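Biologist: Can you put the model up? I'd like to go through a few details.

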Amino acid sequence: QVQLVESGGGLVQPGGSLRLSCAASGSIFRFYSMAWYRQGPGNERELVATISRGGSTTSADSVKGRFTISRDNAKNTVYLQMNSLKPEDTAVYFCRVQNTAIWGQGTQVTVSS
């Protein structure tokens with residue numbers, strides 16, 4: 001069973017940057033597409049970005065040009081580089097083995113001055 005642990009969240013000013021990491025246990029990580037989701041206060045959980053096992057990526061319109069998803073299969077880790085952060089990016093960010101019930105516990109990102 002794959003387990004996911006996110007890290008890298010925190011408090012950042014508008015316009016700042018953060019890089020989230022999601023470390024996966026198990027040797028089968030490289031065979032799965034991975035995704036980042038987020039859930040802001042009072043909002044439903046939404047898809048932020050995906051990356052296939054081959055490295056193809058997609059991202060939500062709200063983060064295009066600002067957020068970049070990547071993966072390092074040797075380290076069993078998926079990343080979310082977040083630049084030009086806005087207050088509306090404030091949320092708990094979760095990683096997921098895409099199309100499965102395997103989620104991380106989430107990491108809080110707060111964008112505020």
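Predicted model: local features only at pLDDT ≥ 70, side-chain atom pairs only at ≥ 80, totals over all residues.

Biologist: How many disulfides do you count?

Modeller: The count is one disulfide. The bond joins Cys-22 to Cys-95, with an S to S distance of 1.9 Å. The two cysteines link distant parts of the chain: Cys-22 lies in strand 3 (residues 18–24) and Cys-95 in strand 9 (residues 91–97), 73 residues apart.

Biologist: Which hand does the disulfide of Cys-22 and Cys-95 have, and why?

Modeller: The disulfide is right-handed, because the torsion about the S-S bond of Cys-22 and Cys-95 is about 55 degrees.

Biologist: Is Cys-22 buried or exposed?

Modeller: Cys-22 is buried, at a relative accessible area of 0%. Cys-95 is also buried, with a value of 0%. The cut-off for buried is under 20%.

Biologist: Changing topic. Which residues of strand 7 are on the covered face?

Modeller: In strand 7 (residues 67–72), Phe-67, Ile-69 and Arg-71 make up the covered face. Thr-68, Ser-70 and Asp-72 are on the uncovered one.

Biologist: Why every other residue?

Modeller: Side chains in a regular strand alternate between the two faces of the sheet.

Biologist: In what sense do strand 7 and strand 8 pair?

Modeller: Strand 7 pairs with strand 8 (residues 77–82) in the antiparallel sense, over six bridges.

Biologist: And what stands opposite Thr-68?

Modeller: Gln-81 in strand 8 stands opposite Thr-68.

Biologist: How many residues are between the strands of that hairpin?

Modeller: Four residues lie between strand 7 and strand 8, and Asn-76 in this hairpin takes a positive phi near 50 degrees.

Note on methods. Residues numbered from 1 in each chain as written. Heavy atoms only, no water. Buried < 20%, exposed > 50% of the residue type's maximum accessible area, 1.4 Å probe, protein only. Pairing = 2+ DSSP bridges. Disulfide = S-S within 2.5 Å.
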